[in-house]
Amino acid sequence: MSSRLRENRKTAEIRAKLSETQLQVTDFIYPLFIEEGTNIKKEIVSMPDIYRYSLDRINEELEEVVELGIKSVILFGIPLHKDAEGSESWNDEGIIQQAIRQIKRDYPNLQVIADVCFCEYTNHGHCGVLCNNDVDNDLTLVNLRKQVLAQAKAGVDMVAPSGMMDFAVREIRDELDKNGFQHIPVMGYSVKYCSSYYGPFRDAADSAPSFGDRRTYQMDPANRNEAIKEAQADVDEGAAILMVKPALSYLDIIRDLKNNFDLPIAAYNVSGEYAMIKAAGKNGWIDEQKVMMETLLSIKRAGAAIIITYFAKEAARVLNDNKGS
Ligand code: PBG
Ligand code: ZN
């Protein structure tokens with residue numbers, strides 16, 4: 001005979017005891033957009049409450065982040081000068097290298113993760129070196145080594161290659177190990193789909209491709225078996241964490257990875273997912289705060305131990321308030 005399951009929902013106390021999933025502030029990684037220049041704090045139109053900062057103003061944001069108990073940030077750079085290969089990305093005085101040094105100096109306990117890619121640095125907006133109008137995998141690997149070494153020398157805590165080049169994790173792992181940076185882990189953007197949910201990010205980071213799309217390197221949203229292959233490749237190449245991106249339309253993929261691999265799974269709750277909730281919230285069509293918390297909870301329930309999200313600060317406020325009451 002089946003039991004009366006509603007007995008388990010009767011009171012707040014019982015529900016709290018039986019809750020299978022809990023969000024914590026320490027689950028979150030907060031993305032930061034850092035622009036070369038001075039005195040910049042510019043809201044991103046399609047991402048309300050998210051700003052681009054110049055380095056001289058980034059501490060305003062970081063004070064809040066640290067105060068709220070957020071332990072990790074992931075950095076995206078917007079350089080002044082772009083070229084065909086994205087060479088600013090491996091300049092020791094480039095925007096991200098400067099940012100890493102400054103943040104580690106001012107907030108030594110904050111984990112600083114660097115996104116490793118070229119689309120913000122190339123004048124064509126693609127994620128690597130072009131050859132016959134497509135990104136050349138192995139030429140891009142050579143530059144990936146340079147970028148990651150510059151970030152390591154600046155003091156980064158973890159690197160996260162997001163370009164979906166084959167063997168990126170292997171090359172990066174090798175470059176780090178060869179240069180005495182064995183302690184720096186690689187978080188692979190292992191399963192990154194070619195998604196239209198990245199639209200607002202590309203406004204934020206000035207990284208939209210000037211022609212074509214990313215279909216020759218990012219994954220086809222139709223594919224599930226291929227996700228396992230991509231994740232297995234990153235495991236074999238030495239990744240410490242596996243990421244799925246985007247999160248919401250890909251909760252099945254998050255669960256597949258969770259069930260198939262022992263490494264921690266991260267999920268990227270991307271810009272378009274953020275923008276939709278914000279837009280509906282601003283219109284009064286949904287309860288923005290509740291939908292935000294339900295969304296983040298569902299990503300964790302699917303199997304993500306780590307959630308990269310533009311909601312990190314707002315969700316931290318909710319979690320901290322609940323703890324206090
Ligand atoms: C660049 C990169 C992208 C995102 C993170 N790193 C965009 C893209 O692939 O075009 C998307 C993040 C977001 O939408 O929030 N390789
Ligand atoms: Zn890219």
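1. Basis. This is a predicted model, in which local features need pLDDT of at least 70 and side-chain atom pairs count only at pLDDT 80 or more, while totals for chains, interfaces and linings use all residues. Residues are numbered from 1 along each chain as its sequence is written, and side-chain values use heavy atoms, with hydrogens and water left out.

2. Largest pocket. A pocket is an open set of points on a 1 Å grid over the protein atoms alone, with protein on both sides within 12 Å along at least five of seven lines; lining residues have an atom within 4 Å of a point. The largest pocket holds about 270 Å³, where a volume is the space filled by probe spheres set on the points, and grid points are joined across faces, edges and corners. Its lining consists of Ala 12, Arg 15, Ala 16, Ser 19, Thr 21, Gln 22, Leu 23, Met 293, Leu 297, Leu 319 and Asn 322. Helices H1 (12-18), H10 (288-302) and H11 (312-324) each give two or more residues to this lining; helices (H or I, at least four residues) and strands (E, at least two) are DSSP runs numbered from the N terminus. H1 has the largest share, with three residues. By class the lining of the largest pocket has six nonpolar, four polar and one charged residues. Ala, Val, Leu, Ile, Met, Phe, Trp, Tyr, Cys and Pro count as nonpolar, Asp, Glu, Lys and Arg as charged, and the others, Gly among them, as polar.

3. Leu 23. This lining residue of the largest pocket sits in the loop between H1 and strand E1 (28-35). Leu 23 is buried, at 13% relative accessible area (buried is under 20%, exposed over 50%, partly exposed in between; 1.4 Å probe, protein chains only). Not counting residues up to four places away in sequence, Leu 23 touches Phe 28, Met 293, Leu 296, Leu 297, Lys 300, Ile 307 and Leu 319, contact being heavy atoms within 4.5 Å. Its C-alpha atom is 9.5 Å from that of Ala 316, 293 residues apart along the chain.

4. Second largest pocket. The volume here is about 200 Å³. Of its 18 lining residues, Met 165, Asp 166, Phe 167, Glu 230 and Asp 234 lie nearest the centre. Helix H5 (168-178), strand E9 (187-192) and helix H7 (225-237) each supply two or more, and H7 has the largest share, four residues.

5. Cavity. There is one cavity of 30 Å³ or more, a cavity being a set of points where a 1.4 Å probe fits but cannot get out.

6. Asn 269. Is this residue, Asn 269, buried or exposed? Asn 269, in strand E11 (residues 265-269), is buried, with 0% relative accessible area. Its side chain makes a polar contact of 2.8 Å with that of Thr 309 (N or O atoms within 3.5 Å, one able to donate a hydrogen and the other to accept it; residues adjacent in sequence count only if both atoms are side-chain atoms).

7. Cysteines. The model has zero disulfides, a disulfide being a pair of cysteine sulfur atoms within 2.5 Å. For Cys 194, the closest cysteine sulfur is in Cys 127, at 9.8 Å, too far for a bond. Cys 194 is buried at 19% relative accessible area, and Cys 117 is buried at 2%.

Conventions: Chains lettered and ligands numbered in written order.
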